[in-house]
Structure formats: C-alpha cells, structure tokens
Amino acid sequence: MRGLELARAYYEQFGRPMMEAQFPELLPHIAVGLFGSGSECFGYDDDISRDHDFEPGFMLLLPGEDVVSRREAFLLERAYAKLPREFLGLRRGLMQPVGGARHGVIRTADFFREKVGVSDGVLTVGQWLSTPEYALAEAVNGAVFFDGPGEVTAIRRYLSAWPEDIRKKKLAGRLLLMAQAGQYNYPRCLRHGEKGAAQLAAIEFARNCMSAVFLLNGVYQPYYKWAFRAMRELPRLSLLAAFAAGGIDGIPADHRQRRRHGRRKGKGDRGHGRRRDRRAAKAGPDAGKLRRPGEARLFRQRFDCRR
C-alpha cells in the first residue's frame with residue numbers, strides 16, 4: 001500500500017471517528033490530508049522509501065488562534081497521539097507537542113509559510129520568480145481528505161500553476177541558460193581541452209533543459225531525486241513518450257524488428273558489409289576514409305578538441 005492510501009485508510013478508520021466523537025465543534029474549521037515533503041506525497045514511494053519518515057498518519061490543519069485556540073489545538077494533538085500506534089504492520093513514530101514534522105496538528109499558515117514564504121499563498125511577482133519549484137510542488141502535491149472551511153483547498157488551487165507571464169519569463173531564462181551551457185560553453189571547453197568543465201557544462205544544459213520541459217507542461221519540477229520520475233509522467237516531451245516513439249534504444253520499433261529478423265537469418269552483418277563495399281567502390285581514392293555510421297561525427301569532434 002502506498003503512503004497516500006495508507007494515510008487515507010488510517011484517517012477513515014481512526015481519525016475521522018475520533019474527531020466526530022471528541023471535536024465535533026472543530027470540524028467546520030479543520031482540514032485533513034497528506035501533502036508536502038516526502039516521496040509518499042508524490043506517489044513515488046516504494047519498499048525502499050520505508051527506511052525513514054514512513055508511517056501511518058495524516059495532517060490536521062488548523063486556522064489561526066483566533067478561530068481555534070492554542071488549548072484546543074493541544075487537546076486535538078493529544079487525541080491524535082492516542083490513536084493506534086500500529087496499523088497494517090507499520091508503527092508510528094513519536095509526535096512532538098502540537099504538530100509533527102509531517103503529520104499531526106499543524107497551523108495552515110505555518111505550513112504554507114514554510115513552503116512558499118507567505119501564510120495565505122498569495123505571492124508577489126518577485127516571490128513567484130524566486131520561490132523554488134520543488135517548494136511549490138510540495139505545497140500542492142498529495143491529497144486533501146476533508147476541508148471544512150475550504151481554506152486549504154483554495155490556497156492549493158491558487159498555487160497549482162504559475163501565472164502565464166511568470167511561466168514564460170522562467171521559460172525564457174531556462175532557454176537562455178541552455179544555449180549558454182550547451183551551444184556556447186560546452187564546445188569551447190572541449191577546444192580548451194577542459195574535459196571536466198565540459199562535463200559540467202553538459203550537466204548544466206541537461207538541468208535547464210529538464211526545467212524547460214516542466215515549464216512547457218505547466219508543471220512544477222519536484223526535488224531533483226524525483227525529477228526524472230516525474231518527467232516520465234508529463235504529457236508533453238516526457239522521456240516515456242520519447243522512448244515509446246523512438247523505441248527503447250532510440251531505434252524505431254519496426255526498424256529494430258527488421259534488424260533482428262535479418263540477423264536471425266544470418267544476413268544482417270553480410271548485408272551491411274556489402275553496402276559498405278559498394279560505397280567504397282564508388283568513393284574511388286577516398287575509400288580509405290570511409291567509416292562506419294557515426295565515426296565521421298566522432299572524428300570531427302576529436303578534431304575540434306585538438307584545435
């Protein structure tokens with residue numbers, strides 16, 4: 001069972017009955033769900049994810065102290081702490097008073113202030129441009145199981161996508177950095193013989209390219225260790241779509257099937273050899289310069305590195 005499913009099941013079986021029985025007057029002011037940090041909030045958790053911060057639990061988000069007092073929040077936290085410590089073979093960790101790191105009672109304002117810098121989620125232009133994309137992703141991932149006042153749902157809906165002018169501005173910046181790292185600095189580093197710097201330029205190009213793909217899809221890029229996983233799920237320019245269109249190794253599926261079929265008959269290698277011989281015969285005195293497909297490009301790259 002994935003973390004989100006575990007959290008919802010734990011809430012339905014123990015959390016909701018506890019709140020309905022002990023805190024009915026608070027229900028109109030409480031939101032319940034699981035979102036924020038952690039692979040389970042993105043749906044990316046697996047067996048390996050259970051080595052830390054994985055337990056049955058959920059978040060109880062409260063408005064300010066003018067609506068739900070500090071004492072009421074404390075009593076709610078105590079009631080949450082008394083819920084069964086084991087569920088479906090998994091044990092809960094110890095909770096901190098009034099709010100755990102990822103579960104338990106948390107003020108709505110505190111959660112969004114930690115993620116995006118403001119308590120109500122309303123960002124200025126400068127904040128939209130400077131807030132890390134992984135933080136925006138953590139503010140809107142996961143799921144809300146119950147939202148009495150609707151405040152949490154409204155904030156998450158507002159933060160769910162960039163304003164269009166912000167998205168275009170960020171995309172233009174990513175494209176500029178891609179050109180600087182890939183088209184300009186990478187070949188210059190190679191010509192200087194700085195292979196390590198060239199690798200860094202290639203990494204910088206790939207990092208900004210990935211960010212541009214997320215921006216083109218209008219989706220926040222999560223923390224880097226989940227970025228490739230998230231990219232495979234994008235509707236546009238995803239790795240999965242690229243593999244499906246071009247075959248697993250970049251070769252179209254029908255061509256790959258024909259190549260395997262020819263080799264089963266023992267004709268594949270001989271056929272390629274005969275074609276090379278015919279090209280060599282037509283080339284005349286330059287026949288010795290012919291190379292297998294791709295070698296000419298590699299030779300040009302090596303020549304450029306020596307200049």
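**View 1. Gly142 and the end of helix α6.** In this predicted model, helix α6 is followed by Gly142, a residue whose phi is positive, near 65°. The loop between α6 and β6 (143-147) is also the place of Asn141, which is treated in its own view below.

**View 2. Helix α6 and its surroundings.** Helix α6 spans residues 133-140, and because six of its eight residues are buried, the helix is largely enclosed by the rest of the structure. The buried residues are Glu133, Ala135, Leu136, Ala137, Glu138 and Ala139. Their packing partners are other helices, namely α2 (39-42), α4 (108-116), α5 (125-130), α7 (151-159), α8 (164-191) and α9 (195-217).

View 3. A polar atom of the Asn141 side chain lies 2.8 Å from the backbone nitrogen of Gly36. When neighbours within four places in sequence are left aside, the residues in contact with Asn141 are Leu34, Phe35, Gly36, Cys41, Phe42 and Arg156.

**View 4. Thr108 in helix α4.** Thr108 belongs to helix α4, one of the helices against which the buried residues of α6 pack. Its relative accessibility is 4%, so Thr108 counts as buried. Apart from neighbours within four places in sequence, Thr108 is in contact with Leu61, Leu62 and Pro63, with Ser119, and with Glu151, Val152 and Ile155.

**View 5. Two cysteines, Cys189 and Cys209.** Cys189 counts as buried because its relative accessibility is 16%, under the 20% limit. Cys209, by contrast, has a relative accessible area of 26% and is therefore partly exposed. The structure as a whole holds zero disulfides.

View 6. The protein chain has an average pLDDT of 80, and 71% of the residues score at least 70. Over residues 250-256, however, pLDDT stays under 50, and the model has seven contacts beyond four places in sequence for this stretch. Residues 261-269 likewise have a pLDDT below 50, with four contacts in the model beyond near neighbours in sequence.

Key: Residues are numbered from 1 along each chain as its sequence is written. Side-chain values use heavy atoms; hydrogens and water are left out. A disulfide is a pair of cysteine sulfur atoms within 2.5 Å. Buried means under 20% relative accessible area, exposed over 50%, partly exposed in between (1.4 Å probe, protein chains only). Helices (H or I, at least four residues) and strands (E, at least two) are DSSP runs, numbered from the N terminus. Contact means heavy atoms within 4.5 Å. A polar contact is a pair of N or O atoms within 3.5 Å; within protein, one must be able to donate a hydrogen and the other to accept it, and residues adjacent in sequence count only if both atoms are side-chain atoms. pLDDT is the predictor's confidence in each residue, from 0 to 100.
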